[in-house]
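Visitor: Please show me the structure. I have some questions about how the chain packs.

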Amino acid sequence: MDIFDYDNVLLLPRQCRVDSRSECDTSVVFGGRRFHLPVVPANMRTVLDAPLAAWLAANGHFYVMHRFDLDTVAFVRSMREQGLFVSISSGVKPHDFAVIDRLAAEGLGADYITIDIAHGHAESVRRTIEHIKARLPQAFVIAGNVGTPEAVIDLENWGADATKVGIGPGKVCITRLKTGFGTGGWQLSALKWCARVATKPIIADGGIRHHGDIAKSVRFGAAMVMIGSLFAGHEESPGKTVEVDGRLYKEYYGSASDFNKGEYRHVEGKRILEPVKGRLADTLREMQEDLQSSISYAGGTRLADIRRVNYVILGGDNAGEHLLI
């Protein structure tokens, strides 16, 4: 198996078939809904809050609300009152089960539920999937995070409607340094490995540093791409604003960091400062334009056409052309 990551792979262009890049369709159907882009902000406290979630939902974008210091039932009720779809996160503890039970008892339900723990190939995830499917059978269940084909197969067999792939490749994740495990440094290769056995959608989670990495993720099997650092640091971002040498930054920290946990215990994340980038809507527009360009380079008119291109691995003994597998 070839081992590579985003920074040492390039996609190979095919004959362009559009007169304008604006003709290319970047939309994707995920869980029965169509979204403008195959991207979703990471469900992290410094990336997303309730107002941003509502804005994304109202403007045709997918979101996954985080579960940290949040009254999830109140959030769901607010989204229902606004006529917006509901996408929430869940842990695997008894209090998480109680939230699911309340959503069912109050008739609120949820359209998407992401079971979000660091090591998702676990019996606790199997039990949580079973509980959600029993109490909220209409919910689209995303489970993760995982990093092996075996885990993808198991989660699908346990009832997950999609799996989230990525163990520690994020900019503020230090899992591989703290534990010796993970997909950090070879996330794109892990995505390819997992997608080859998947029969349901995969969300590639982590390691995205540039807009072109979205196209690479789609090429290697992602239906959605979860992004943290590129979405952190906007004017609307919930992270604390910090001024350093006259320049404004926003706090961005991992969900497994002591900043998020409130204590230094089982820490696998860190805190960094992201320069304030401007408005989120402008970043999403630029992402869409860049992805339209990617589709045009792929010789296509729609997102799925990216999956047909060949690619090269730069450097190393395995450099050279690799055909679609």
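Guide: Start with a term: a nonpolar core is a set of buried Ala, Val, Leu, Ile, Met, Phe, Trp, Tyr and Cys residues joined through side-chain atoms within 4.5 Å. Buried means under 20% relative accessible area, exposed over 50%, and partly exposed in between (1.4 Å probe, protein chains only). This is a predicted model: local features need pLDDT of at least 70, side-chain atom pairs count only at pLDDT 80 or more, and totals for chains, interfaces and linings use all residues. Residues are numbered from 1 along each chain as its sequence is written, and side-chain values use heavy atoms, with hydrogens and water left out.

Visitor: Which residues touch the most other members of the largest nonpolar core?

Guide: In soluble globular proteins, nonpolar side chains tend to be buried together. Here the largest nonpolar core has 90 residues. Those touching the most other members are Phe30, Val39, Phe62, Tyr63 and Ile227.

Visitor: Which elements do the buried residues of H1 pack against?

Guide: Helices (H or I, at least four residues) and strands (E, at least two) are DSSP runs, numbered from the N terminus. H1 spans residues 50-58, and its buried residues are Leu52, Ala53, Ala54, Leu56 and Ala57. Contact means heavy atoms within 4.5 Å. The buried residues of H1 pack against strand E4 (39-41), helix H2 (72-81) and helix H10 (280-297).

Visitor: Which residue caps the N-terminal end of H1?

Guide: Look for a side-chain oxygen 3.1 Å from the backbone nitrogen of leucine 52. That oxygen belongs to aspartate 49.

Visitor: How far from glutamate 156 is the nearest side chain of opposite charge?

Guide: Lys and Arg count as positive and Asp and Glu as negative; His and the chain ends are not counted. A salt bridge is a side-chain nitrogen of Lys or Arg within 4 Å of a carboxyl oxygen of Asp or Glu. Glutamate 156 lies in helix H5 (residues 149-158). Glutamate 156 is buried without a salt bridge, and lysine 200, the nearest side chain of opposite charge, is away by 5.8 Å.

Visitor: Which residue forms a salt bridge with glutamate 236?

Guide: The closest N and O atoms of this pair are 3.3 Å apart. Glutamate 236 lies in the loop between strand E10 (224-227) and strand E11 (241-244), and its partner in the loop between strand E13 (271-275) and H10, so the pair ties together parts 43 residues apart in sequence. Glutamate 236 is partly exposed, at 22% relative accessible area. The partner is arginine 279.

Terms used. A polar contact is a pair of N or O atoms within 3.5 Å; within protein, one must be able to donate a hydrogen and the other to accept it, and residues adjacent in sequence count only if both atoms are side-chain atoms.
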